[in-house]
Amino acid sequence: MTTATQGQTGSQAQGPATHQDAHAGNSGFLATNIDALINWGRSNSLWPYPYATACCGIEFMSAASSRFDLARFASEFFRFTPRSADLLLVMGTITYKQAPILRRIWEQMAEPKWVIAVGACACSGGFYDCYCTVPGIDEIVPVDVYIAGCPPRPEGYMEALMLLQEKIKDESYMEQRRQGLHQKVYIG
Amino acid sequence: MSHDQIQNLGPWAEAAVPASLSDRKEAQNRLFPILAEKFGATLDPLDRWGLTAVVAKERLRETIFFLRDDPQWSFEVLVDITAVDYLQWPGHEGARFAVVYNLRSQSHVAHRMRVKVWADEEDLDVPSIHDIWKIANWQERETWDQYGIRFVGHPNLKRLLNHHEFVGHPLRKDYPAQRRQKLSMNDPMVDQLEARLRTLGYQLLDSVPESSPMVEDVLKGGR
């Protein structure tokens with residue numbers, strides 16, 4: 001971050017003299033804070049897409065409703081289209097027949113996007129050690145946070161959300177821009 | 001339950017009283033000689049409850065018709081069709097597979113039975129009964145999918161549970177239970193969509209290509 005700060009200060013130095021005088025000393029903060037500002041916004045307005053295929057989805061309904069209230073973690077606005085969601089919650093068993101569908105849902109989500117694998121089945125296939133079940137959804141999509149449990153308690157969802165928020169706060173928007181991740185396009 | 005209480009139940013009184021085990025056993029004892037005489041059925045020694053009749057493949061359909069339509073028996077419900085793989089069964093000789101039809105009666109309380117047909121590995125053809133019960137269509141597709149039994153006369157014998165790129169039949173004893181098979185793309189099921197549209201009275205002018213339109217368009221630069 002220090003390099004970005006210095007670069008910004010350098011370009012400002014070539015601007016009009018009045019501008020430089022008016023903001024002298026403060027202009028260096030701007031680029032440093034973009035990450036903090038964007039990460040604050042992203043981590044506190046997660047729009048989840050609930051991909052519920054089994055009993056973890058039922059447990060999630062309880063976690064999301066008034067008693068446990070996921071709205072306190074600013075993750076209450078459920079989207080039922082991947083186009084407007086940025087958090088994919090995979091709750092339940094994923095079979096090989098289901099796998100291309102899940103992959104396509106993930107591809108349809110716009111960057112930035114995160115994935116939480118909820119419960120034993122999504123994390124590892126659970127006790128379905130057989131010919132038809134995917135042993136963990138990280139074979140298909142990249143996963144940010146795993147929640148253990150069969151199904152997990154509402155506290156599990158809350159902890160996962162808080163962990164994800166911490167992870168988002170560590171990300172750098174400027175770094176992602178440099179790598180071109182913000183305009184990554186998937187085909188398929 | 002007293003007699004008066006049963007009277008108060010009205011038309012459902014008979015159904016509310018469970019048939020005793022001896023009643024059921026007595027009914028079975030009357031049924032199996034009839035099946036043996038008419039269709040050459042035998043009692044399956046592997047079934048310890050004595051509820052399974054084994055018939056030859058060729059006589060399966062008439063047996064099923066008789067069991068469903070005869071007012072004395074009227075097994076109206078086909079609960080399930082499945083198969084058994086006797087590959088490693090201790091002391092088993094003869095055909096490897098058995099197709100099992102589970103039947104149940106609605107009008108005679110708690111009357112149930114099974115019909116069993118042997119199918120050898122060299123000759124996996126078994127007559128289809130999809131026209132006798134509609135649900136048999138999907139149950140036969142499942143049995144084909146999991147065991148590889150071919151149902152002759154079935155209109156659409158495709159896999160039901162496993163995906164369309166799956167090779168082999170996973171519930172056979174010689175299929176390794178943990179051999180996983182990946183699917184590259186979902187079955188678009190265009191043939192079933194077109195058939196459905198035709199039954200609804202639509203006329204199809206051009207057939208849809210059986211590939212992902214998204215991939216093709218993006219690659220060709222269209223849309």
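## A walk through chains B and A

Start with chain B and colour it by secondary structure: from one end of the sequence to the other you pass α-α-α-β-β-α-β-β-β-β-α-β-α-α. That makes seven helices and seven strands, where helices (H or I, at least four residues) and strands (E, at least two) are DSSP runs numbered from the N terminus. Before you click further, keep in mind that this is a predicted model, in which local features need pLDDT of at least 70 and side-chain atom pairs count only at pLDDT 80 or more, while totals for chains, interfaces and linings use all residues. Residues are numbered from 1 along each chain as its sequence is written, and chains are lettered from A and ligands numbered from 1 in the order in which they are written.

**Stop 1: the sheet of chain B.** Select the five strands that form an open sheet in the order β1-β2-β5-β4-β3 (chain B), with mixed pairing; two strands pair if DSSP finds at least two bridges between them. At the edges sit β1 (42-43) and β3 (77-85) of chain B, each pairing on one side only. Now pick residues 97-104 and 112-119 of chain B: these are β4 and β5, antiparallel and joined by eight bridges. Show Tyr101(B) and look across to Val115(B), its bridge partner in β5(B).

Helix α5 (residues 136-147) of chain B lies across β3 and β4 of chain B, at about 10° to β3(B).

Stop 2: Move over to the open four-stranded sheet with the order β1-β2-β3-β4 (chain A) and parallel pairing. Its edge strands are β1 (48-52) and β4 (145-147) of chain A. Neighbouring strands are turned by 15° against each other on average, direction ignored.

Zoom in on β2, residues 87-91 of chain A, which pairs with β1(A) over five bridges. Show Pro50(A) and you'll find Leu89(A) as its bridge partner. Is β2(A) enclosed or open? Five of its five residues are buried, so β2(A) is largely enclosed by the rest of the structure; buried means 20 or more other C-beta atoms within 10 Å of a residue's own, with C-beta atoms placed from the backbone. Leu87(A), Leu89(A) and Met91(A) point one way from β2(A), and Leu88(A) and Val90(A) the other.

**Last stop: a helix across the strands.** On the other flank, five bridges join β2(A) to β3(A) in parallel, and Leu88(A) stands opposite Val115(A) in β3(A). Finish with helix α5 (residues 99-108) of chain A, lying across β1, β2 and β3 (114-118) of chain A at about 165° to β2(A).

Definitions and conventions. Axes are lines fitted to C-alpha atoms, for helices over the stretch in contact, and angles run from 0 to 180 degrees between N-to-C directions. Two residues are in contact if their C-beta atoms, placed from the backbone, lie within 7 Å. A residue is buried if 20 or more other C-beta atoms lie within 10 Å of its own, exposed if 12 or fewer, and partly exposed in between; C-beta atoms are placed from the backbone.
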